[in-house]
Number of protein chains: 6
Amino acid sequence: MPRCNNRAPAQMRPVRIIRHYVRHAEGSVLIEYGETRVICTASVIEKVPPFLKGAGQGWLTAEYGMLPRSTGERMQREAAKGKQSGRTMEIQRLIGRALRSILDLEKLGERTIQMDCDVIQADGGTRTASITGAFVALYDAIDYLRAERMISQNPIRDHVAAVSVGILKGQPLLDLDYLEDSGCDTDLNVVMTGSLGLVEVQGTAEKVVFSRQELDVMLNMAQQGLQELFDVQRKALETVA
Amino acid sequence: MPRCNNRAPAQMRPVRIIRHYVRHAEGSVLIEYGETRVICTASVIEKVPPFLKGAGQGWLTAEYGMLPRSTGERMQREAAKGKQSGRTMEIQRLIGRALRSILDLEKLGERTIQMDCDVIQADGGTRTASITGAFVALYDAIDYLRAERMISQNPIRDHVAAVSVGILKGQPLLDLDYLEDSGCDTDLNVVMTGSLGLVEVQGTAEKVVFSRQELDVMLNMAQQGLQELFDVQRKALETVA
Amino acid sequence: MPRCNNRAPAQMRPVRIIRHYVRHAEGSVLIEYGETRVICTASVIEKVPPFLKGAGQGWLTAEYGMLPRSTGERMQREAAKGKQSGRTMEIQRLIGRALRSILDLEKLGERTIQMDCDVIQADGGTRTASITGAFVALYDAIDYLRAERMISQNPIRDHVAAVSVGILKGQPLLDLDYLEDSGCDTDLNVVMTGSLGLVEVQGTAEKVVFSRQELDVMLNMAQQGLQELFDVQRKALETVA
Amino acid sequence: MPRCNNRAPAQMRPVRIIRHYVRHAEGSVLIEYGETRVICTASVIEKVPPFLKGAGQGWLTAEYGMLPRSTGERMQREAAKGKQSGRTMEIQRLIGRALRSILDLEKLGERTIQMDCDVIQADGGTRTASITGAFVALYDAIDYLRAERMISQNPIRDHVAAVSVGILKGQPLLDLDYLEDSGCDTDLNVVMTGSLGLVEVQGTAEKVVFSRQELDVMLNMAQQGLQELFDVQRKALETVA
Amino acid sequence: MPRCNNRAPAQMRPVRIIRHYVRHAEGSVLIEYGETRVICTASVIEKVPPFLKGAGQGWLTAEYGMLPRSTGERMQREAAKGKQSGRTMEIQRLIGRALRSILDLEKLGERTIQMDCDVIQADGGTRTASITGAFVALYDAIDYLRAERMISQNPIRDHVAAVSVGILKGQPLLDLDYLEDSGCDTDLNVVMTGSLGLVEVQGTAEKVVFSRQELDVMLNMAQQGLQELFDVQRKALETVA
Amino acid sequence: MPRCNNRAPAQMRPVRIIRHYVRHAEGSVLIEYGETRVICTASVIEKVPPFLKGAGQGWLTAEYGMLPRSTGERMQREAAKGKQSGRTMEIQRLIGRALRSILDLEKLGERTIQMDCDVIQADGGTRTASITGAFVALYDAIDYLRAERMISQNPIRDHVAAVSVGILKGQPLLDLDYLEDSGCDTDLNVVMTGSLGLVEVQGTAEKVVFSRQELDVMLNMAQQGLQELFDVQRKALETVA
């Protein structure tokens with residue numbers, strides 16, 4: 001069973017990052033993992049949540065959403081339904097943790113970076129693309145704070161990016177698209193820093209349990225994809241805005 | 001006080017329509033009125049709301065949203081707040097009425113067209129751009145239904161588009177951007193069909209009341225802008241998809 | 001097709017205003033447009049919304065509701081459903097804008113006038129009757145503030161009232177009752193000040209689009225009805241409380 | 001400490017019932033207990049709640065609300081807050097139970113009587129006035145069903161009415177107004193049928209506990225007031241509509 | 001018709017109170033009335049609700065919940081449904097009033113005792129068991145405050161407990177279990193202090209109205225049960241923690 | 001830094017399972033991991049969610065809650081707040097996936113097993129204890145279905161249990177209590193089947209990223225704990241109910 005566009009098992013989809021995508025935000029990108037497209041904006045908000053008042057540090061929090069017709073069948077709008085689904089909550093918590101892991105909150109000062117990741121078109125991997133894109137939006141928001149002399153030291157300690165791996169009929173596959181994801185026995189999301197430290201490892205047996213060995217194979221494949229993603233991030237950031 | 005980019009009082013901002021913007025939707029466009037950018041998708045749903053069951057006709061309904069950082073200051077996400085604002089509800093009701101006015105619901109058959117207008121970037125005129133863009137997305141969705149032989153007759157009777165006009169310090173201005181809109185004494189939104197029938201006229205004295213004469217001047221200016229908008233719609237639809 | 005009670009096309013229904021209808025409120029009226037009955041209360045609240053703190057001015061805001069059985073078929077109670085409909089939000093925003101248009105918010109001082117318009121019985125025109133009645137309730141609340149020497153200058157600059165006009169089978173009709181409203185091709189709500197300045201013009205093609213000429217005819221008819229309404233307001237206010 | 005208007009301890013406030021107060025409802029009254037004014041409407045709905053489907057009987061349910069400015073200080077509108085208070089829920093459950101106690105649900109047939117009790121002006125005793133008034137509205141709704149030949153036998157078995165009693169500084173008082181109610185040590189609401197059967201006895205020690213003896217005194221006083229209320233109901237129902 | 005386990009009509013089910021049931025709470029018990037089991041926790045919170053700020057007194061408030069499968073058929077989880085039922089609100093208001101009746105709020109100081117009563121297993125009488133158990137949890141929380149020298153005088157003035165009585169086919173029965181409760185004509189909940197003062201009397205005719213005489217019989221039976229409950233409370237509190 | 005009660009790094013807390021803890025549920029246990037106590041109930045519901053109607057298979061879903069005072073500081077009751085937190089949603093989704101992984105949904109037939117995991121006392125590991133306990137409650141519910149001859153083949157394919165591991169100051173620790181969990185650099189939850197297949201691996205760098213090697217050490221430690229947990233499950237199930 002060949003992959004779409006003759007992709008090799010360990011091959012990422014084409015990844016593209018467009019910076020300064022939304023003019024009002026301090027940092028903003030459009031990121032594409034193949035047909036998956038996510039707008040990530042980083043907003044600087046000059047206050048911290050109540051539990052951090054006076055603690056001499058900042059915070060980063062994330063929200064995630066999907067346009068109703070980003071998916072094959074139209075999803076109900078969460079604003080109209082009046083609540084966010086469990087899946088939405090899970091993903092936005094993941095994005096927040098991933099980005100906080102490389103951020104020195106003391107150096108950020110008493111302010112909040114509010115990340116918003118909104119999926120324009122979904123084809124698998126929306127949470128991993130969100131994290132990879134959000135890093136670049138965060139980078140630009142920090143740049144803004146430094147240019148405005150609002151912070152003196154760079155609070156970003158490292159890159160962070162994310163990718164999924166799965167096992168489909170015994171074959172490990174990197175960066176699953178929607179169809180592959182739906183058919184997988186096992187699904188693993190990996191969040192890693194530029195220095196190859198693990199931030200999140202979330203493996204789920206969708207249909208068939210997996211072994212320690214399979215976990216190892218998948219982690220190797222993920223690491224390979226992540227190194228490519230760090231390169232894409234670096235190239236995007238080299239461009240003069 | 002010159003307008004941004006030396007626009008003349010009766011001059012529209014550059015309007016751009018990109019069709020087939022989101023791959024899953026039966027119809028979808030990105031529409032821009034200058035810096036205002038809205039994604040409009042038309043989804044075909046093979047059922048009707050309860051009040052129309054068995055009535056032998058279809059329906060069209062619309063929802064509207066703004067990405068949290070489409071605006072200068074980040075807005076709270078309505079999905080997180082758990083309810084849509086009065087402004088959101090007002091706008092989505094307006095979009096629905098505007099599009100139903102040119103749609104023969106009997107010819108549509110017992111199905112619903114669900115319009116979604118999501119603002120990616122806001123700079124005034126999001127509701128008018130939504131209507132103008134939604135018409136093109138609707139057109140493509142109807143085309144899809146005809147190509148699939150799900151309907152035999154075209155239910156679209158005419159074009160529909162919308163534009164705003166305002167009076168700023170005594171000067172009538174066409175297609176207000178955000179700054180102009182904030183400073184206006186009066187604000188008028190006009191929805192019109194291609195044959196120049198009025199669908200909606202919504203004039204509001206924000207600060208100073210307006211006279212019948214001023215209303216006439218504004219309506220003339222709106223009509224001029226709307227004719228330009230119908231041209232943009234026509235050109236967009238001429239392109240082979 | 002004759003109108004109910006042999007009303008002429010340009011004839012208002014009997015309009016009645018009873019002041020001091022609810023004893024606790026600083027201003028309160030029962031207003032009737034024929035069979036439509038609305039209680040309007042104006043409450044003085046000694047604080048302003050957060051966005052006006054320290055701005056040296058006051059505010060006026062409005063809420064609207066319908067008793068569940070004010071209508072032909074019982075409507076679900078919005079308090080039980082847990083949210084207000086889009087229609088309710090749209091109407092209460094309209095009432096607020098209409099009354100703020102004739103109110104000098106600086107002279108009001110740092111306080112809020114909270115209008116509540118509650119429909120006891122509905123027969124078309126509940127939003128227009130609400131505005132016309134709310135003006136009188138506002139007047140009495142301002143009188144209270146002056147009697148209590150809480151304000152020194154009258155913040156009310158002019159009368160404000162509202163009326164609907166429609167076109168039913170080609171015939172323009174003033175002050176539509178429920179049946180007429182349901183059958184109309186076009187529906188126009190006009191809010192005007194005592195000096196005949198336009199505050200709101202909201203015209204909607206329910207079934208058939210309307211022309212500029214028809215808009216003019218409807219606006220003329222509305223103005224005639226509004227002059228009558230200003231008289232009714234004046235007479236009500238002449239009475240010694 | 002004399003009562004307002006020199007009322008004797010065991011004297012009811014003037015009670016007034018106006019039938020056919022709202023034209024759309026199958027039954028409707030305005031009831032006044034002194035300055036307390038409540039609109040009660042009875043709506044006939046031709047279905048039953050899910051738990052009674054096919055059970056060959058009907059149902060009666062009640063909802064209660066207060067206009068925001070029915071009270072001395074404006075209360076927040078429950079529809080705007082998005083939920084009903086515990087007090088509201090408690091009262092509407094009480095009204096429903098009270099009226100079901102005298103209604104033969106089999107004879108009603110598979111339909112629901114929906115009572116709505118909406119307080120226009122509050123001065124103590126809104127729940128007791130609601131019950132007393134709702135009985136008359138129910139009576140008229142049943143009359144409507146019989147006139148329409150929708151039911152053949154009268155499902156109303158008896159009158160039902162309600163009154164409050166309290167102990168204020170050792171003195172038992174019938175039919176408390178708002179000020180008395182606020183100052184009371186003990187507050188008792190009694191719902192009774194025309195044949196003097198007890199339906200609800202709800203006694204609460206607000207500040208000081210009460211004895212069995214005091215309970216007896218209060219129940220005697222309540223019964224006296226209730227007999228007067230049954231008379232008012234009877235007189236109201238004698239009038240030709 | 002004999003009662004379950006051959007209980008006599010005026011006999012309580014076995015009542016058991018286990019103190020210090022949940023380690024984190026300042027006071028906590030598991031109380032059992034036969035098969036009904038409720039966890040009651042008393043939490044000390046060092047602030048008061050807004051309406052008591054600066055009033056020099058404390059407050060006590062209560063919340064009530066049922067585990068979804070505490071009942072014969074699984075109930076929907078209120079947290080998942082997004083709102084508490086009218087029954088839940090009614091019960092938690094009752095528990096709060098009952099405990100405040102024996103608490104000197106001035107002596108408590110500016111803090112709140114938050115009672116939580118959570119039903120683990122339901123077999124009738126959950127609200128009465130909650131009150132009886134909550135008293136013991138409150139006692140332990142007050143003990144904690146005294147041991148920590150946060151208060152100097154005991155704010156507890158008396159015991160408080162609650163029991164239900166019903167009439168089933170003419171026979172008065174003490175402390176109804178679920179089956180008895182479902183079949184009862186009349187249901188009475190009585191809350192009393194240790195010195196036999198009445199705090200709450202809530203009698204409801206479920207099917208057949210009741211007479212003053214029947215009320216008296218039920219109150220006598222309740223008092224007998226309550227004296228037993230005060231004993232159980234005293235014994236539980238004698239044990240060294 | 002020694003562990004509480006001199007626990008060795010790779011030592012579980014005492015684990016205890018009490019079956020048939022709540023009488024109404026088809027399966028129910030109280031499970032303790034040290035001071036953490038969770039009630040797990042399995043309810044058999046004779047219908048499936050809409051997306052499985054007619055699919056010839058069953059479903060299992062889970063809900064999770066915490067009593068407000070199960071924690072050191074009282075948490076707000078989710079039913080009162082009106083929504084479940086992101087953490088709650090994440091945990092209940094995890095529990096559901098874990099149990100479905102060992103359940104043959106075809107053999108279950110067209111019915112739903114509704115798991116409820118309610119935390120009575122929390123001291124770290126509530127989600128892992130929930131999974132381990134829920135398995136036993138599920139087992140008993142399946143037993144009930146077999147005893148009632150509602151299913152003929154056992155749909156349970158294997159054991160499933162869960163445990164947490166963390167790294168605290170460089171030291172890997174099995175089955176973290178609350179204090180350890182709060183201080184950890186890394187936190188790993190592992191769900192495994194009796195035949196040592198991985199179902200879920202969720203590793204999160206709370207403060208410091210972790211390496212592949214550390215992940216391996218933690219997985220080894222988890223597996224050791226899980227084997228112990230399978231033994232506890234087996235012993236609990238051997239007991240005659």
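Is D:Phe51 buried or exposed, and what is its relative accessible area? Select D:Phe51 to begin: the residue is exposed, with a relative accessible area of 58%. The model is a predicted one, and every stop below refers to it.

**Stop 1: aromatic pairs in chains D and E**

Over all chains, the count of aromatic pairs comes to 12. D:Trp59 has 18% relative accessibility and counts as buried, whereas D:Phe51 is exposed.

Next, go to chain E and pick E:Phe135 and E:Tyr139. This aromatic pair is tilted, with 6.4 Å centre to centre and 55° between the planes. Both residues belong to helix α4 of chain E (residues 126-147), where they are 4 residues apart, about one turn of the helix. E:Phe135 counts as buried, at 1% relative accessibility. E:Tyr139 counts as partly exposed, at 29%.

**Stop 2: arginine over tyrosine**

Select B:Arg37 together with A:Tyr21. B:Arg37 lies over the face of the A:Tyr21 ring, 4.8 Å from the ring centre. Then select D:Arg37 and C:Tyr21: here the charged end of D:Arg37 sits over the ring of C:Tyr21, and the distance to the ring centre is 4.8 Å.

**Stop 3: the sheet of chain F**

Switch to chain F and show it as a cartoon. In what order do the 5 strands of the open sheet run? The order is β1-β2-β3-β5-β4, and the pairing is mixed. Strands β1 (15-19) and β4 (59-66) stand at the edges; each has a single partner strand, so one side of each lacks a neighbour in the sheet. On average, neighbouring strands of this sheet are turned by 20° against each other, direction ignored.

Inside the sheet, select β3 (residues 36-45) and β5 (residues 112-121) of chain F. These strands run antiparallel and are joined by 9 bridges. To look at one residue pair between them, select F:Cys40 and its bridge partner in β5(F), F:Cys117.

**Stop 4: helices across the sheet**

Finish with helix α6 of chain F (residues 212-238), which lies across β1 and β2 of that chain, at about 30° to β1(F).

Notes
Residues are numbered from 1 along each chain as its sequence is written. Chains are lettered from A and ligands numbered from 1 in the order in which they are written. This is a predicted model: local features need pLDDT of at least 70, side-chain atom pairs count only at pLDDT 80 or more; totals for chains, interfaces and linings use all residues. Side-chain values use heavy atoms; hydrogens and water are left out. Rings of Phe, Tyr and Trp (its six-membered ring) pair if their centres lie within 6.5 Å; planes under 30 degrees apart count as stacked, over 60 as edge-to-face and the rest as tilted. Buried means under 20% relative accessible area, exposed over 50%, partly exposed in between (1.4 Å probe, protein chains only). Helices (H or I, at least four residues) and strands (E, at least two) are DSSP runs, numbered from the N terminus. A charge sits over a ring if NZ of Lys or CZ of Arg is within 6 Å of the ring centre and within 35 degrees of the ring normal. Two strands pair if DSSP finds at least two bridges between them. Axes are lines fitted to C-alpha atoms, for helices over the stretch in contact, and angles run from 0 to 180 degrees between N-to-C directions. Contact means heavy atoms within 4.5 Å.
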